Amino acid sequence: MTRPPTMRALVVEALAPDFAGCAVREIPTPEPGPSEVLVRVRAASVNFPDLLMTRGAYQFKPPLPFTPGLDLAGEVAALGQGVTGFQVGDAVVGGARLGGFAEYAVLSAEALKPKPARLSFAQGAAYGAAYLTAYVALVRRARVEPGEWVLVHGAAGGVGLAAVDLAKALGARVIAASASDDKLARIQALYAPDAAVNVTEGFRDQVKAITGGRGADVIYDPVGGDVFDESVRCIAFDGRLLVIGFTSGRIPTVSVNMPLIKGFSVMGVRAGEYGRQFPDKGRENAEAVWRMTDEGVIRPHVHAELPLERWRQAFELLAERKVVGKAVIVP
């Protein structure tokens, strides 16, 4: 596959609010090193960490300048020394901490898998980080059992919608929670959760009523703030409250007498770090998510596909919580 000496990429040149430090630039096309693959990017999904990194608010803080983009799908353009199992032109999906929002990206060969044939490039870019987060949270951390009630906050967002889909596939009974009736209707049409709750005026009593007074066995919370505070009030005894993130902007706290009295656990979830700490389990996680996607057990949903020049619109769709599923950039 012929590749040009330069490429277009979204570059973060300064850490600033409102994405003011970002711009599309023409930069040298990278070359793959040993055990690396150069991918012609056909689609890259927007994740919340991408937005945080543009202002230096994420745990991972790469040196400037850098190109964000965690998840991508595309075609193999060149192989580094020692790479086997791929050929130029192969359709692949994969992810890394950086590089997706560009016409070409270099990834470790280990980070790539064949694109599931049933998925478009946009869908292939949409499942990686979101479903891996959901898998680590629900399977590795909470160990969800069939029939348990799983309350998913932020259910319309990428990681939330993935959790709704995966929890259903695991046989759990799912309560999708959002502040928008329109989004809840869309979620119900896509994945048929067992119940839906609008959290605008609180959700504790609704969750208790749905679960017969017991409360949710597992609560998946990428929102934090007031949502976390109220979740403590509607979790079942022996429940698991999964801390995914803080899109509300406020990091909540809990008095330790509450987990003691109510007998629940608060569990932090960092899917990427889990894989780095436990490499064998990390590979098992990625393989399990890929297999379920390839078999059609889980189905990523793409809200919008936008060209690289409209990156700001893609970012704002996520920042302003207008998406159901994923916004995808198509370089």
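I count two strands as paired if DSSP finds at least two bridges between them. Helices (H or I, at least four residues) and strands (E, at least two) are DSSP runs, numbered from the N terminus.

**Ground rules.** I am working on a predicted model, where local features need pLDDT of at least 70, side-chain atom pairs count only at pLDDT 80 or more, and totals for chains, interfaces and linings use all residues. Residues are numbered from 1 along each chain as its sequence is written, and side-chain values use heavy atoms, with hydrogens and water left out.

**Strand pairing.** I looked up β8 (residues 149–152) and β9 (residues 173–178) and found four bridges joining them, with the strands running parallel. W149 has R173 as its bridge partner in β9.

**The sheet.** I traced an open sheet of six strands in the order β10-β9-β8-β11-β12-β13, with parallel pairing. Neighbouring strands are turned by 20° against each other on average, direction ignored. Axes here are lines fitted to C-alpha atoms, for helices over the stretch in contact, and angles run from 0 to 180 degrees between N-to-C directions.

**α3 on the sheet.** I then checked what α3 covers. It lies across β8, β11 (216–221), β12 (235–243) and β13, and runs at about 150° to β11. Contact means heavy atoms within 4.5 Å.

**α3 and α4.** How do the axes of α3 and α4 cross? I read a crossing at roughly 55° for α3 (residues 128–141) and α4 (residues 158–169), with the axes coming within 8 Å. The two helices are therefore oblique to each other. My angle classes are: under 35 degrees roughly parallel, over 145 roughly antiparallel, 65 to 115 roughly perpendicular, the rest oblique. The crossing of α3 past α4 is right-handed. A crossing is left-handed if the near helix is turned anticlockwise from the far one by less than a right angle, and right-handed if clockwise. On the α3 side I listed A130, Y131, T133, A134, Y135 and L138; they meet G158, V159, A162, A163, D165, L166 and A167 of α4. By class, this contact of α3 with α4 has 10 nonpolar, two polar and one charged residues. Ala, Val, Leu, Ile, Met, Phe, Trp, Tyr, Cys and Pro count as nonpolar, Asp, Glu, Lys and Arg as charged, and the others, Gly among them, as polar.

**α3 and α10.** I found α3 and α10 (residues 279–294) packed at about 110°, with axes 10 Å apart. That makes α3 roughly perpendicular to α10. This crossing of α3 past α10 is right-handed. Y131, L132, Y135, V136 and R140 of α3 make the contact with K281, E284, N285, A286, A288, V289 and M292 of α10. The residues divide into eight nonpolar, one polar and three charged.

**α4 and α5.** I read an angle of about 35° between α4 and α5 (residues 181–191), with axes 11 Å apart. The crossing of α4 and α5 is right-handed. L161, V164, D165 and K168 of α4 meet I187, L190 and Y191 of α5.

**Backbone checks.** Most residues other than glycine have a negative phi, and most peptide bonds are trans. I flagged a cis peptide bond between L64 and P65, with omega about -10°. P65 sits in the loop between α1 (48–53) and β4 (71–79). I also flagged S35, with a positive phi of about 65° although it is not a glycine. S35 falls in the loop between β2 (22–28) and β3 (36–45).
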